[in-house]
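Here are my notes on the model, as numbered points. Please read them with the coordinates open.

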Amino acid sequence: MGLSHRSAPVSILERAALSADAQAKLLQDALAVEPVAEASVLATCNRIELYADVDKFHAGVAEVSTLLARHSGVGLDELTPYLYVHYEDRAVHHLFSVACGLDSMVVGEGQILGQIKDSLATAQRLHTAGRLLNDLFQQSLRVGKRAHSETGIDRAGQSLVTFGLEQLAGDEQVADWAAKKRALIIGAGSMSSLAAATLARAGVQEVVVANRTLERAERLAEILAQPGGAGAAEGFAARAVPMASVGGELARADIAVSCTGATGLVLTAEAVAAAVAGRTEGDPLTLLDLAMPRDVDAAVHRVAGARLVDIESLAEASADAPMAADVEAVRTLVSEEVAAFGAAQRAAHITPTVVALRTMAADVVAGEMGRLRGRLPDLGEREQAEITQTVRRVVDKLLHAPTVRVKQLAGEPGGAGYADALRTLFDLDPQTVAAVSRADQGARGDSAASTRIHTDDLNRDRS
């Protein structure tokens, strides 16, 4: 369940934005309600989604929507018209599409993969993701990586940073437009860092980084200033300043990019008006606001001598962007991966029953061999071993075809009932099946906790 730039206006997304603390509290509260067994939050600048494993659909929808409203601070009646809900395979399809960039404001952007990775890492750290969501999110990362490596989806659109800079540049190439300009970067997170590096490569003369934590600003400036570190041109300079210096630096800057986690405005219309006062005509201040909620007052759109591109204007600009043919290839890939994931989950559901059946068969063989030794005490060890092996082979051959076939059938849509049929036909103890299932989930959970997500497998920018 969630809302995004596709379902809600920016004003609602802005109000519903969740801080890191709010995300953690939402996850913890979700696990505390009865229908929810697992939960993970995916919160970006243009989407807020809660993925949950629930045992009752309608009760789950009611609880999750109430929790989203409570933690976002937007009333449930106001929030509900903008919420969407996806269930089972549709939920899997949605996340895989998101991971591939098909649901992004700029189609094909890759930053969402880092955000999904962060989402899973948070759920793992808080122990709110179990076997199902670990499998789902890990697979979504693999699907997203496949989409970018096996198709041309990257050609269908640019990252939000690049797209925003292209909007500022207008008819010019970003490199021509940015050459010799001074840039002010407000914030030192991954989106701000990406913007700073992009501008450095584009040929700006100077990048000034302002951040509430000066040490982080200094670290980013140091990385940018390293020879060849950001691909900057000769003569490029980077320095850090405290947030208190933003007003003065804004007056000197040609370009300002802001992306902080602040809950209030970072740049007011008055501050921008003061910064452009006294500038020569034809020398505007261009601003790119990538934050959600917004960092730059929307009233800046009306300030003479300033040009603002924000999330809302980016959404409008990307609405008519051409869809590359590669998008269809990614859609096909997503559909195939959804089918494979569903089949694997359904097949996994029957595995504990199959294991319990084979355990029962092994117990029958052991019991019969014990009785045989009692009736034939003079039977030699070699003969006993040969008889035991023969009986085991007979049992294995009898069970092989039905267990393989039932796994195949269980992997098909509507195949969940085959596990029940197998338990009924062989009169399997439900407690034994449940014990196998718990052991399997525990082993998977330990594996997920130990392996986590490899950053070298998905080295992408995050925001």
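1. Start with a cysteine. C100 is buried, at a relative accessible area of 0%; buried means under 20% relative accessible area, exposed over 50%, and partly exposed in between, with a 1.4 Å probe and protein chains only. C259 also counts as buried, at 16% relative accessibility. A search of the whole structure finds 0 disulfides, a disulfide being a pair of cysteine sulfur atoms within 2.5 Å.

2. Ground rules. This is a predicted model, in which local features need pLDDT of at least 70, side-chain atom pairs count only at pLDDT 80 or more, and totals for chains, interfaces and linings use all residues. Residues are numbered from 1 along each chain as its sequence is written, and side-chain values use heavy atoms, with hydrogens and water left out.

3. Confidence. The mean pLDDT of the protein is 85, and 87% of its residues reach 70 or more. Here pLDDT is the predictor's confidence in each residue, from 0 to 100. Over residues 443–463 the pLDDT is below 50; that stretch still has 31 contacts in the model beyond near neighbours in sequence. Contact means heavy atoms within 4.5 Å.

4. The antiparallel sheet. An open sheet is formed by 3 strands in the order β1-β3-β2, with antiparallel pairing. β1 (2–4) and β2 (36–44) are at the edges with a single partner strand each, so one side of each has no neighbour in the sheet. On average, neighbouring strands are turned by 20 degrees against each other, direction ignored. Strands (E, at least two residues) and helices (H or I, at least four) are DSSP runs numbered from the N terminus. Two strands pair if DSSP finds at least two bridges between them.

5. β1 pairs with β3 (residues 47–54) in the antiparallel sense over 3 bridges. L3 stands opposite I48 in β3. Helix α7 (residues 131–150) packs on the sheet and touches β2 and β3; its direction makes about 30 degrees with that of β2. Helix α5 (residues 89–99) lies across β2 and β3, at about 145 degrees to β3. Axes are lines fitted to C-alpha atoms, for helices over the stretch in contact, and angles run from 0 to 180 degrees between N-to-C directions.

6. Helix α2. Residues 20–32 form α2, whose 13 residues reach 19 Å from first C-alpha to last, close to the 18 Å expected at 1.5 Å a residue. The expected span is 1.5 Å times one less than the number of residues. Its buried residues are A22, Q23, A24, L26, L27 and A30. Their cover includes β2, β3, α3 (57–72) and α6.

7. Helix α6. The 15 residues of α6 (residues 111–125) should span 21 Å, and the end C-alpha atoms are 21 Å apart, which agrees. Among the buried residues are Q111, K117 and Q124. Just after α6, H127 takes a positive phi of about 60 degrees.

8. Strand β7. Which residues cover the two faces of β7 (residues 255–258)? I255 and V257 lie on one side, A256 and S258 on the other, and all are buried. β4 (residues 182–186) pairs with β7 in the parallel sense over 4 bridges, and L184 stands opposite A256. β8 (residues 285–289) also runs parallel to β7, joined by 4 bridges. The bridge partner of S258 in β8 is D289.
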